[in-house]
Structure formats: structure tokens, C-alpha cells
Amino acid sequence: MNNLNIIAISAAIAFAFSNGAMAAQGMTKVEYQSAKDKIAANYKSANARCDSLTANAKDVCMAEAKGKENVAMAELEARNKPSEKARHDVNIAKAEAAYAVAKEKCDVKTGNDKTACVKEAQAREARAKANAGKPVHEKSAAAPKKETAGKYIDDTVITAKVKAAVLDEPSLKSAEINVETSKGRVQLSGFVRSRADINKAVEVTKRVEGVKLVQNDMILKGTQ
């Protein structure tokens, strides 16, 4: 093999590695800024179209415009710096955008119909976030620390699943239950109608995977 062929092959290999490195790094600064500017322009245009609408239709339109902007930005970040966390953030942005629009649409309803509508929107958001899985932190590339009993489940995932389970329980539709989780220990607070609601909420929570302990801080309406 002559020197010219060796030089050509070496150059080709170097070029291939260079392209691979560029792909791993994601977008160039110019590409990223251009995409970011386009997202901002699209949002401004979409938001301007909402000005011709009124009342709830305008609110829904604005929520849709903002939701699309947030999702587009999350997707841009995922393209710029591809990672599990970035993909997770895209799914969360989609869930929050869908909820914002659904909640605005509920405003045309009143009374119990509106309450049920909002609860259903919250349930869909909670399910979507639970399905998105736990957030991945890039600084800890290693697998999450395993607990001594059962597999590790992130507190944010447990909270989302408990919220979804509570909202899916027909007897708790009108309950105002807040959920917080720390190391698998779930705290339930808020106002409920009866002792039966408290028992049902605790029962539903205990069935959620990853829940180690349920702390009941719920209050019966009219007794506070």
C-alpha cells in the first residue's frame, strides 16, 4: 500500500471520528439559537392569533400556544443534549401542556361538572407523569441505590401514581387530597367528607407499588 493510500485512509478515519464526535455533542450553537428563535417566533404568532378570540376560547388558545412552546423547547433541549433526562423532560412537558389545556376547557362548566372535569384532567396528567418514569439525574450515571426491601422507586413516581389512583377512585371524586412522598413514605392531607373516604384513600394508597408507609393527615370537612 503506497503512502497516498495510507494518507487517504487515515484522513477518512479521522473524518468519521470527527463526525461522530459532532453528532454526540448535538447541535451547533448557531443551529440551537436558530431553532430557539423559530420556537419563539412560532409562539408569538400563535399567541397573536388568540387575540381575535374571546372568553374561554381565548384562554384555551393561549394555553395551547404556551404548551406547544414548552414542548418544543423541551424537544430542542433533547436534540441539543440527548440524554435519558432530556427525553423524560419532554414527556413531562407534554403531560403538563395537555393538562393546562384540559383545565382551561373545564372552565366552561360549573359546579360538580367543573370539579369532575378538573379531577379527570389531573388524573390524566398524573398518569402521564407516572408513565414517564422517574427523572434521571445526569450526575449520577450509576443505577439508583437499592433499598433493602423491594426495588427502588423514585418518590416523584410514587406521588404521581398515588394521585392517579386516588383520582381514579369513584368514591373520592369530590375529595381534596394532597399527596407528598419521602423515601416511600406517603403523607395524605386535605379535606374529605367522611371517615370512609379517609379509609378508602389510605387503602388505595397502600396498593400503589413502592409505598412503604401511609401517614394520614386528612381532615373531615366541618371539623377543622
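1. The link of Cys106 and Cys117 is left-handed, with -75° about the S-S bond. The two cysteines sit in distant parts of the chain, 11 residues apart: Cys106 in helix H4 and Cys117 in helix H5. From S to S, this disulfide spans 2.0 Å. Cys106 and Cys117 are both buried. Keep in mind that this is a predicted model.

2. Now the other disulfide. Cys50 and Cys61 are bonded, with 2.0 Å between their sulfur atoms. The torsion about their S-S bond is about -80°, so this disulfide is left-handed. Cys50 is in the loop between helix H2 (29-49) and helix H3 (55-80), while Cys61 is in helix H3, so the pair ties together parts that are 11 residues apart in sequence.

3. Are these two cysteines, Cys50 and Cys61, buried or exposed? The cut-off for buried is under 20% relative accessible area. Cys50 has 0% relative accessibility, so Cys50 counts as buried. Cys61 has 15%, so Cys61 counts as buried too.

4. How many disulfides does a search of the whole structure find? It finds two. Number the bonded cysteines of the protein chain in sequence order, and the pairing reads 1-2, 3-4.

5. S1 (176-182) pairs with strand S2 (residues 185-192) in the antiparallel sense, over seven bridges. Take Thr181 as an example: its bridge partner in S2 is Val186. S1 also has two faces. Ile177, Val179 and Thr181 make up the covered face. Glu176, Asn178, Glu180 and Ser182 make up the uncovered one.

6. Look at the turn of this hairpin. Two residues lie between the strands S1 and S2. Lys183 is found in this loop. Its phi is positive, near 55°, in a residue other than glycine. Is Lys183 buried or exposed? The cut-off for exposed is over 50%. Lys183 has 62% relative accessibility, so Lys183 counts as exposed.

7. Ala55 is not a glycine, yet its phi is positive, about 50°. Ala55 belongs to helix H3. With 60% relative accessibility, Ala55 counts as exposed.

8. What about the nonpolar core? The largest one has 19 residues. Val162, Ile177, Val186, Leu188, Val211 and Met218 have the most contacts inside it. At least two residues each come from H6, S1, S2, helix H7 (195-206) and strand S3 (213-220). Which element gives the most to this core? H6 does, with four residues.

9. Last, the largest pocket. Its volume is about 450 Å³. Its lining has 24 residues, and the closest to the centre are Gln122, Glu125, Ala126, Thr159 and Lys163. Helix H4 (84-106), helix H5 (111-131), helix H6 (155-168) and strand S1 (176-182) each give two or more residues to the lining. The largest share comes from H6, with seven residues.

10. What is the lining of the largest pocket made of, by class? It has 12 nonpolar, six polar and six charged residues.

How values were computed
Residues numbered from 1 in each chain as written. Predicted model: local features only at pLDDT ≥ 70, side-chain atom pairs only at ≥ 80, totals over all residues. Heavy atoms only, no water. 1 Å grid on protein atoms, 1.4 Å probe; cavity = no way out; pocket = protein on both sides within 12 Å on 5 of 7 lines; lining within 4 Å. Points joined across faces, edges and corners; volume = space filled by probe spheres on them. Nonpolar A, V, L, I, M, F, W, Y, C, P; charged D, E, K, R; others polar. Disulfide = S-S within 2.5 Å. Buried < 20%, exposed > 50% of the residue type's maximum accessible area, 1.4 Å probe, protein only. Pairing = 2+ DSSP bridges. Core = buried A, V, L, I, M, F, W, Y, C linked by side-chain atoms within 4.5 Å.
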